[in-house]
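Welcome, and please take a moment to turn the model around before reading on. We will walk through it one region at a time.

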Amino acid sequence: MEHLLNILPKPMSKTQLKNNMIKLLSFFQFMILYLVYHLLKPIIERQHGCVIGVTEVAKMIYLYGNIFPGAKTVCLDSNKFYELDYDFAIKKGHGHFSTLTYLIKRLVYGPILLAYLACKYDVFIYFWSTGFLLDREHDFKFLKRKKKKIVTIFVGDDIRSPKKLREKLNELEYDGFLDYVGIVNPDYLSESYDKKKKRSAILSNNYADLCFNCSIDQASHLTSKQYFLPYAYDINEFSRDDNKFNKTVKVLHAPSHPFVKGTPLVRAAIKKLKLEGYEFEYKELINVPNKQVLDALRSSHIVLNQFYAFAPGVFGIESLANHCAVLMSADPDIETGLPQNAKGAWMITKYWQVYDNLKLLLDNPSEIKKYADTGYEFALNHYTYENASEYLHKIFKENGIKV
């Protein structure tokens, strides 16, 4: 009996079952993709332009859709903080029925849309680590067989390897958010998590014609050449208000992830300064729509951004463009892809300097406006659509990609 039990197949784990299900559904998607592509190919005319998608993070698909003329934006995974318009999109609903409907749409619409767009366009720009299909390796294999150009743009945890980041932090003798996130989510520091990031890197290494990444802040397993990703901001959204500096100082902190951005450090600094008798208004915004954050930015004087990262992030650029004095740990001496004249555009503030630097500004009100003015001009000179477009078109041209 015992021998008989040993030769019987063992029940699959949840992970194995999930992986097998993904393989089965991926095969189903791949069949749809090829069938639809060959049906549409004879009747669709090719056009100049590019495709940008598919997971929205920090408004990047929307912003880059305004940089490239003729770009088609695709959002199959929306972001709850933004209400934005795309050329092609699936919106998530609420409740079990809506979630199931979304998943079915995602399963069928993804391959049909990729087939249609592959008939029309030759350049595909991917944000995040997802694709039109469940397994984006199938996206990449298909597109390369059709002689398409692939651009991967990584913006954070889609590519960041905790293992590689720890190596960088050890070299710099710098603390990070790794252990704090690991306490809340132990999986973040696991070998299996790192393998997922490694696979994303390998896919980019093997298939992408061009790759953008912050090589220090988003330390990864990427081995291909990496270009620094330029931030882009609509010049119509820039807001300069010199008069606000005559009013009570307002300090704003709006973290997307409190542990990662250093919120406990911010709260400690704010508490100590309040106890010492400093008078200012402090506002903290978490899990609110981007519009509400932007409204708060326009009347704020000081923004406390993030204090472990080496790059500004989109919120850092929004803060500069809205005429605020920004404290953040972004450092052009470390993340050398940043413009080297960035020093002075914001107050470089490491995780142990939050209290000291905020106190310095409160003790010297004229410095608040000085940083706000310099930061605003810096953003205006580097991070408009026009500046980002000039940089990106130059890099694309150097790599033989026509958009």
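Predicted model: local features only at pLDDT ≥ 70, side-chain atom pairs only at ≥ 80, totals over all residues.

Lysine 147 follows α5 and has a positive phi, near 65°. Residues are numbered from 1 along each chain as its sequence is written, and side-chain values use heavy atoms, with hydrogens and water left out.

Now step back into α5 itself, which covers residues 136-145. Its buried residues are Arg136, Asp139, Phe140, Phe142 and Leu143; buried means under 20% relative accessible area, exposed means over 50%, and partly exposed is in between, using a 1.4 Å probe and protein chains only. Looking down the axis of α5, these buried residues fall within an arc of 165°, so they line one face of the helix. The arc is taken from the directions that lead from the helix axis to the C-beta atoms. An α-helix has 3.6 residues a turn, so residues three or four places apart point the same way.

A partner helix is α8, residues 191-207: the axes of α5 and α8 come within 11 Å and cross at roughly 0°. Axes are lines fitted to C-alpha atoms, for helices over the stretch in contact, and angles run from 0 to 180 degrees between N-to-C directions. The two helices, α5 and α8, are therefore roughly parallel to each other. Angles under 35 degrees count as roughly parallel, over 145 as roughly antiparallel, 65 to 115 as roughly perpendicular and the rest as oblique. On the α5 side, the contact involves Arg136, Glu137, Phe140, Lys141 and Lys144, and on the α8 side Arg199, Leu203 and Tyr207; contact means heavy atoms within 4.5 Å. Of the residues in this contact of α5 with α8, three are nonpolar, none polar and five charged. In that count, Ala, Val, Leu, Ile, Met, Phe, Trp, Tyr, Cys and Pro are nonpolar, Asp, Glu, Lys and Arg are charged, and the others, Gly among them, are polar.

Next, find tryptophan 128 in the loop between β4 (123-127) and α5. Tryptophan 128 is partly exposed, with a relative accessible area of 23%. Its contacts, leaving out residues up to four places away in sequence, include Thr55, Val57, Arg136 and Phe154. Threonine 55 is 73 residues from tryptophan 128 in sequence, yet the two are 6.2 Å apart in space, C-alpha to C-alpha.

What about the backbone? Most residues other than glycine have a negative phi, and most peptide bonds are trans. The bond from glycine 53 to valine 54 is cis, with omega near 0°, and valine 54 lies in strand β1, residues 51-54. In the loop between β1 and α3 (60-65) sits lysine 59, which has a positive phi of about 70° and is buried at 9% relative accessible area. Glutamate 173, in the loop between α6 (162-172) and α7 (178-184), also has a positive phi, near 55°, but counts as exposed at 73% relative accessibility.

Two buried loop residues come next. Glutamine 218, in the loop between β6 (210-212) and β7 (250-253), has a relative accessible area of 4%. Its side chain joins that of asparagine 213 in a polar contact of 2.6 Å, meaning a pair of N or O atoms within 3.5 Å; within protein, one must be able to donate a hydrogen and the other to accept it, and residues adjacent in sequence count only if both atoms are side-chain atoms. Threonine 384, in the loop between α14 (365-382) and α15 (385-398), is buried at 5%, and its side chain makes a polar contact of 3.1 Å with the side chain of asparagine 387.

We finish at helix α12, residues 313-321, where eight of nine residues are buried. The buried residues of α12 pack against α3, β7, α11 (290-299), β9 (302-304), β10 (325-328) and α14. After α12 comes histidine 323, with a positive phi near 65°.

Conventions:
Helix = DSSP H or I, 4+ residues; strand = E, 2+ residues; numbered from the N terminus.
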